[in-house]
Structure formats: structure tokens, C-alpha cells
Amino acid sequence: MSAKSLRVVVAQLNLLVGDIRGNTEKVIAAAQRAKSSLDAQVVLFPELTLCGYPPEDLLLRPSIEKRTRAALKRLQDVVDPALYVVVGYPRYTDEGLFNAAGVIHGGELIAEYYKQSLPNYQVFDEKRYFIAGDQVAIVPMHGVPVALSVCEDIWQSEAVQQAREAGAHLMLNLNASPFHRNKASQRRELLTQRVHQGGFPIIYANLVGGQDELVFDGGSLAMNVDGSEALSAPEFEEGLYPVDYRLDNGHLEAAMPASGRLGMEASVYQALVLGVRDYANKNGFKGVVLGLSGGIDSGLTLAIAVDALGKDRVEAVMMPFRYTSQMSLDDAQAEATALGVAYSVLPIEAMYEAFMTTLREEFVGHERDTTEENLQARCRGVLLMAISNKKGYLVLTTGNKSENAVGYSTLYGDMAGGFNVLKDVPKTLVFALSRYRNSLSPVIPERVITRPPSAELAPDQKDEDSLPPYEELDRILELYVERDFSAHDLIGQGFAEETVRRVVRLVDLNEYKRRQAPVGVRITQRGFGRDRRYPITSGWEAGE
């Protein structure tokens with residue numbers, strides 16, 4: 001490191017929400033490594049480092065203030081006093097609760113900054129908990145006036161303008177910015193705007209890891225005023241990443257090679273892997289189990305599970321019925337063999353007949369309908385949940401976003417489980433991700449990808465007997481669910497009126513199912529769950 005440089009090390013960490021003591025020890029260990037191995041002068045951590053993000057209603061627990069104070073005191077007592085440690089935490093004051101960034105140096109908390117822009121859209125509801133700050137914070141660090149900001153502050157212009165007017169030469173931005181498709185490119189475009197506006201470089205530190213349905217992808221950045229990147233940290237990986245600020249010219253310089261940027265399929269796939277890994281591990285599951293049907297959704301889910309946890313912690317179960325084709329049996333066996341997982345075949349015919357015998361009198365006078373199809377799925381759900389209870393395994397469900405949107409799924413059947421890997425993945429993207437995974441190593445048979453999808457709950461059944469072609473369905477769903485197009489708008493896009501009205505009606509009717517569905521990884525800008533909270537009981541008409 002040059003004597004004329006200020007070395008900032010970005011600590012891109014995977015933290016556990018609510019584990020204030022554990023997160024504090026992780027901060028201490030990272031600061032020590034940054035100092036001893038990377039010659040750090042400043043260590044920059046993510047937003048709400050100490051409590052994790054999002055803490056939700058844990059912020060309302062009276063004891064969190066006491067725990068946060070104790071954590072800050074420990075950092076002041078233990079961290080090398082020569083370091084400037086910039087860390088995020090909730091700050092309780094007489095005025096209210098702030099989302100804070102603090103600077104610890106010389107055994108003291110020498111400065112604090114309170115987040116000014118509180119996001120209250122999509123997955124964010126910070127105004128439920130926090131009040132907004134309004135003051136700039138400029139901290140001299142080895143002669144450099146450094147401004148602080150927190151996450152959403154960088155998406156707005158006010159905090160950067162304040163820092164410019166206060167004479168900042170560098171800005172440090174603490175983030176807990178969740179992943180969705182193409183988010184990395186949006187961040188780069190945003191930082192380009194902000195460095196031009198501020199006239200100073202910005203170092204952007206982001207959280208990494210899975211938290212329920214959210215995945216934080218890391219990808220921390222450091223950008224100069226001219227738009228050049230001095231740091232492009234890996235996505236979906238923990239690590240310590242140094243960058244040097246030159247005191248003589250106010251320019252950031254790379255202290256290590258930049259990471260390559262992932263393509264869309266690769267980034268989504270890694271988000272799904274990380275989401276499964278952290279959900280299973282942070283919640284203490286011994287492994288996972290899933291129903292392997294020989295179809296593309298379960299095949300992709302199996303590959304993601306193995307990549308997340310290793311083959312020894314994954315079990316696949318084929319549960320055939322009279323409508324299950326030999327092709328599906330063969331393909332499920334091939335997938336399990338290719339991935340090396342524990343595999344069993346548990347026929348459901350006897351279970352199904354036992355249920356039907358018990359229900360015979362109840363069904364007298366009623367024609368056969370989807371009830372019998374749903375009963376097959378519910379037999380499978382019972383078996384998987386029994387295995388889960390006995391072995392301490394998490395049941396992974398395998399429904400995709402397209403099916404969940406229109407209710408092409410069975411409550412207490414294929415929806416029975418603890419985590420839905422593909423919950424926010426449209427069917428057309430399932431095909432693309434399957435091909436991507438096969439480009440790494442062939443694990444999903446080609447005919448699984450190319451043959452018409454089928455639930456195999458009735459003779460010669462195909463998904464498109466009940467649904468529009470997936471290319472058409474997914475485009476309608478994207479516009480209606482993610483972009484709030486009305487039925488009238490969709491018809492204006494050239495879709496058939498009958499198809500549009502049927503699809504939007506199915507989406508609205510099946511909110512009750514989605515409310516009972518397991519959580520799953522969010523990879524779009526509006527997933528079902530935290531993003532989209534529609535009433536179950538409603539007279540809303542989607543026409544206008």
C-alpha cells in the first residue's frame with residue numbers, strides 16, 4: 001500500500017438476522033483479518049450489520065436495544081484502535097429508532113450517521129420501524145473527509161448533494177440490497193450517476209446471504225468519478241476486498257483483480273443455490289427431501305439442492321401412480337444417479353385406494369373431477385412430510401411462479417413443504433436455467449427439457465390442456481403481476497381477450513393458495529409474498 005493511500009477493506013459478510021452476539025464476533029474476526037492480512041486502515045461493513053437485515057419486528061423487542069449497546073461496547077473494547085470500523089446497527093434514541101452507521105476508532109464511537117431515505121416499497125417497509133435522519137456525517141480519516149450513507153440514500157440524490165456541499169472527498173455506503181434479475185447492472189448505472197453528481201468516489205459495501213425469501217448477492221463496488229471501477233467484488237461470496245484511495249489525486253485504485261460479472265442465468269442460478277443453502281443451514285435442517293417426478297421442475301430443484309448442500313444431504317423420492325409414464329420413471333432414476341443422491345421409489349396406489357375406499361360414501365352422486373387428481377398429489381405430500389419429520393429434513397416443493405400464479409398446484413399436495421426453490425421462477429426461465437445447469441455438467445436428461453410438461457394426474461395429460469403456452473402465459477403474468485398492466489392494457493398488447501381475462505381471473509382467485517404456500521427465493525422485482533400483498537376476499541375487477 002502506498003504511503004499516500006487510504007486503504008478501505010469492504011467486508012462482504014453473510015450475517016444471521018437476530019444473532020447480535022454472533023454477528024459482533026464475526027465483525028471482530030473480519031476486522032482483525034483485514035488489519036493483519038490486508039493492511040486495512042478502514043473496514044466497511046453492510047447495513048444493520050449487528051442485527052442482520054431485515055430484522056422485521058425483532059426491532060420492536062425491548063431487549064434489542066440492550067443487546068445492541070453491549071455489541072457496540074464490545075467492538076470499542078476489542079477492535080484494533082488504529083482501525084476505522086464502519087458498521088451498521090439500529091440506534092434507539094429519545095426521538096425514536098434510526099437505521100444507523102457508526103464509526104469506531106481509538107476505542108470510541110466517534111461518529112454516527114442516520115439513514116435519511118427509508119424505502120417503503122417492494123420488499124421494504126422501513127417506515128414501520130425507523131424515522132429518517134436529516135444530517136450529513138463527514139468523518140476525517142487520515143486526512144480524508146469521508147461521508148457516510150446507508151443503502152437507499154444512494155438511490156436518491158439528497159444525501160450525495162449534502163455530502164458534496166459539506167466538502168466530502170469520498171463516500172462510504174453501507175447496503176443490504178437484495179437480488180433480483182439485472183440488479184447488478186442497475187446498481188452500476190446508479191453509482192455512475194451519483195459519483196458524477198457528488199464529484200467524489202463511492203465505495204459500496206453490500207450484504208451477502210439468504211434470509212427467508214430474500215437473497216443478498218454481495219457484488220460490492222468502488223467507483224471513481226469518471227465511472228471506472230476500482231472494485232468489483234464477487235457475487236454470492238463472502239470475503240474481504242481492499243481498495244486504495246489515493247490522497248494525491250482523489251482516485252480509487254484496485255488492490256486486487258476485479259471479479260467477472262455473471263450472466264443472467266448464472267446469477268439467478270447462484271441466487272437459488274445460496275437461498276436454499278442458507279435457509280436449510282441457518283434453520284438447522286439436517287438435509288432436504290423432495291419429490292422427483294421425472295419432470296423439469298423437480299429435476300432443476302434437485303440440481304440446485306445438490307449444488308447448495310452436497311449430494312449426501314439430499315434425498316429424492318419418486319412416488320409413481322398408474323398415470324406415471326415409464327419415461328418419467330427412467331428420467332427420475334437418471335437424474336438421481338447423475339447427481340448421486342439417495343433415491344427411493346414409493347408407489348402411492350395403495351394409499352390412494354385406501355383414501356378412495358374411505359371416501360366412497362361421501363362421493364356417491366358426484367362425478368369424477370379434479371378431486372381425484374388432487375388426492376394423488378396429497379398422498380405424495382403426506383409421504384414427504386413423514387420423511388421430513390422422521391429424518392429432520394426440509395421438504396423442498398417444486399412449483400414454479402407460472403403455476404403458482406394461476407393456481408396450477410394442489411394445496412396440501414405438491415404445495416406441502418417448507419421451501420419452494422422455484423417459487424419466483426417463471427416456467428420459461430426454468431427451461432433456460434436447466435440448460436444453463438447442463439452446460440456445467442449434464443444432470444437433467446435432454447428429453448425432460450424438450451418434452452411437453454405434464455403433471456401426470458390423468459391419462460395423456462399436458463399442462464397446455466389447461467393453460468396457455470408458457471411463452472404466452474409468462475409474458476401475460478410478467479405484465480400483470482410485475483408491472484400492474486390491466487386486462488385492457490394486456491389486450492392492447494395483442495393478447496386474445498379470452499386468454500387475458502381467464503389468466504388474470506385465475507391470478508386473482510388463487511391468492512388464497514399463495515397465502516398458504518411455503519416461502520421461496522425471490523429473483524424478480526415482484527414476487528408473490530413480501531412484494532405483492534393482495535386481499536384474498538375481494539370484489540376487484542382487473543379490467544381497467
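Visitor: At what angle do helix H5 and helix H11 pack?
Guide: This is a predicted model, and in it H5 (residues 264-282) and H11 (residues 427-440) pack at an angle of about 90 degrees. Their axes are 10 Å apart.

Visitor: Roughly parallel or roughly perpendicular, then?
Guide: That angle makes H5 roughly perpendicular to H11, because anything from 65 to 115 degrees counts that way.

Visitor: Which residues in H5 meet H11?
Guide: On the H5 side you have Met 264, Glu 265, Ala 266, Val 268, Tyr 269 and Leu 272. They meet Leu 429, Ala 432, Leu 433, Tyr 436 and Arg 437 in H11.

Visitor: And how many of those are nonpolar, polar or charged?
Guide: The contact of H5 with H11 has nine nonpolar residues and two charged ones, with no polar residues.

Visitor: OK, zooming out. How many helices and strands does the chain have?
Guide: There are 16 helices and 20 strands in the chain.

Visitor: What's the radius of gyration?
Guide: The radius of gyration is 26 Å, close to the 24 Å that the globule rule gives for 544 residues, so the chain is as compact as a globular protein of that length. Along its principal axes, the C-alpha trace spans about 85 × 50 × 45 Å.

Visitor: How much of the chain is buried?
Guide: Buried residues account for 56% of the 544 residues. As for the surface, the chain exposes about 22400 Å², and 49% of that comes from carbon and sulfur atoms.

Visitor: New topic: where is Gly 210?
Guide: Gly 210 sits in strand E10, which covers residues 208-211.

Visitor: Is Gly 210 buried or exposed?
Guide: Gly 210 is buried, because its relative accessible area is 7% and buried means under 20%.

Visitor: What is Gly 210 in contact with?
Guide: Setting aside neighbours within four places in sequence, Gly 210 is in contact with Val 215, Leu 274, Asp 278 and Lys 282.

Visitor: How far is Gly 210 from Leu 231?
Guide: Those two are 21 residues apart along the chain, and their C-alpha atoms are separated by 23 Å.

Visitor: Last one: where is Ser 117, and what does it touch?
Guide: Ser 117 is in the loop between strand E5 (108-114) and strand E6 (138-141). Not counting residues up to four places away in sequence, Ser 117 touches Glu 152, Asp 153 and Gln 156. Ser 117 is also buried, with a relative accessible area of 16%.

Conventions. Residues are numbered from 1 along each chain as its sequence is written. This is a predicted model: local features need pLDDT of at least 70, side-chain atom pairs count only at pLDDT 80 or more; totals for chains, interfaces and linings use all residues. Side-chain values use heavy atoms; hydrogens and water are left out. Axes are lines fitted to C-alpha atoms, for helices over the stretch in contact, and angles run from 0 to 180 degrees between N-to-C directions. Helices (H or I, at least four residues) and strands (E, at least two) are DSSP runs, numbered from the N terminus. Angles under 35 degrees count as roughly parallel, over 145 as roughly antiparallel, 65 to 115 as roughly perpendicular and the rest as oblique. Contact means heavy atoms within 4.5 Å. Ala, Val, Leu, Ile, Met, Phe, Trp, Tyr, Cys and Pro count as nonpolar, Asp, Glu, Lys and Arg as charged, and the others, Gly among them, as polar. The radius of gyration is taken over C-alpha atoms; the globule rule is 2.2 Å times the number of residues to the power 0.38. Buried means under 20% relative accessible area, exposed over 50%, partly exposed in between (1.4 Å probe, protein chains only). Accessible areas come from the Shrake-Rupley method with a 1.4 Å probe; for residues, only the protein chains shown count as cover.
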